[in-house]
Amino acid sequence: MTEVVAALIWDGGRFLICQRPAHKARGLLWEFVGGKIEPGETGEQALIRECREELGVMIAVGDVFADVTHVYPDLTVHLTLYHARIAEGTLRLYEHKAFAWITPAEIPAYAFCPADHAFLARLTEGDR
């Protein structure tokens with residue numbers, strides 16, 4: 001099982017989502033920014049590193065929003081979504097095709113990675 005972390009970053013009533021590049025697995029689907037935990041890292045350390053590498057920002061990591069285990073055809077992930085906020089920097093796209101700030105009501109307009117669906121359901125229900 002692959003341990004993966006992601007950030008639920010809010011700006012007022014909107015949260016950040018990123019679109020995967022076309023050439024990667026689950027290409028062009030939307031997701032929360034994040035990535036795999038490397039050996040010797042905590043989840044929080046991995047999330048800080050991933051946000052710096054992928055978006056060029058420093059984040060402050062908060063509590064866990066939720067976690068889920070999802071089986072894809074090519075791998076099984078244990079995904080932990082953390083509350084986070086941008087502490088420093090301006091968003092830049094180093095890995096993703098696009099990013100968007102959306103409200104929970106706008107979730108249906110985007111095609112998300114299947115592992116994120118449980119998180120999205122909670123956000124739609126108003127659980128922040």
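This is a predicted model: local features need pLDDT of at least 70, side-chain atom pairs count only at pLDDT 80 or more; totals for chains, interfaces and linings use all residues.
**Exercise 1.** Work out how the rings of Trp10 and Phe15 are arranged.

*Solution.* First look at the ring centres, which are 5.3 Å apart. Rings pair if their centres lie within 6.5 Å, and planes over 60 degrees apart count as edge-to-face. The planes of Trp10 and Phe15 stand at 65°, so this pair is edge-to-face. Then widen the view: Trp10 and Phe15 belong to one aromatic cluster with Trp30, Phe32, Tyr110, Phe112 and Phe119.

**Exercise 2.** Find which residues of the largest nonpolar core touch the most other members.

*Solution.* This core has 25 residues, and the ones to pick out are Leu8, Phe15, Phe32, Phe119 and Leu123. Next, ask where the core residues come from: the elements giving two or more include strand S1 (2-11), strand S2 (14-19) and helix H2 (117-124). S1 gives the largest share, four residues. Finally, zoom in on Leu8: beyond its neighbours within four places in sequence, its contacts include Phe15, Phe32, Phe65 and Leu123.

**Exercise 3.** Which rings have the charged end of an arginine over them?

*Solution.* Begin with Arg26, which lies over the face of Tyr72, 3.9 Å from the ring centre. Then turn to Arg122: its charged end sits over the ring of Phe65, at 4.3 Å from the centre.

Technical notes:
Residues are numbered from 1 along each chain as its sequence is written. Side-chain values use heavy atoms; hydrogens and water are left out. A nonpolar core is a set of buried Ala, Val, Leu, Ile, Met, Phe, Trp, Tyr and Cys residues joined through side-chain atoms within 4.5 Å. Buried means under 20% relative accessible area, exposed over 50%, partly exposed in between (1.4 Å probe, protein chains only). Contact means heavy atoms within 4.5 Å. Rings of Phe, Tyr and Trp (its six-membered ring) pair if their centres lie within 6.5 Å; planes under 30 degrees apart count as stacked, over 60 as edge-to-face and the rest as tilted. A charge sits over a ring if NZ of Lys or CZ of Arg is within 6 Å of the ring centre and within 35 degrees of the ring normal.
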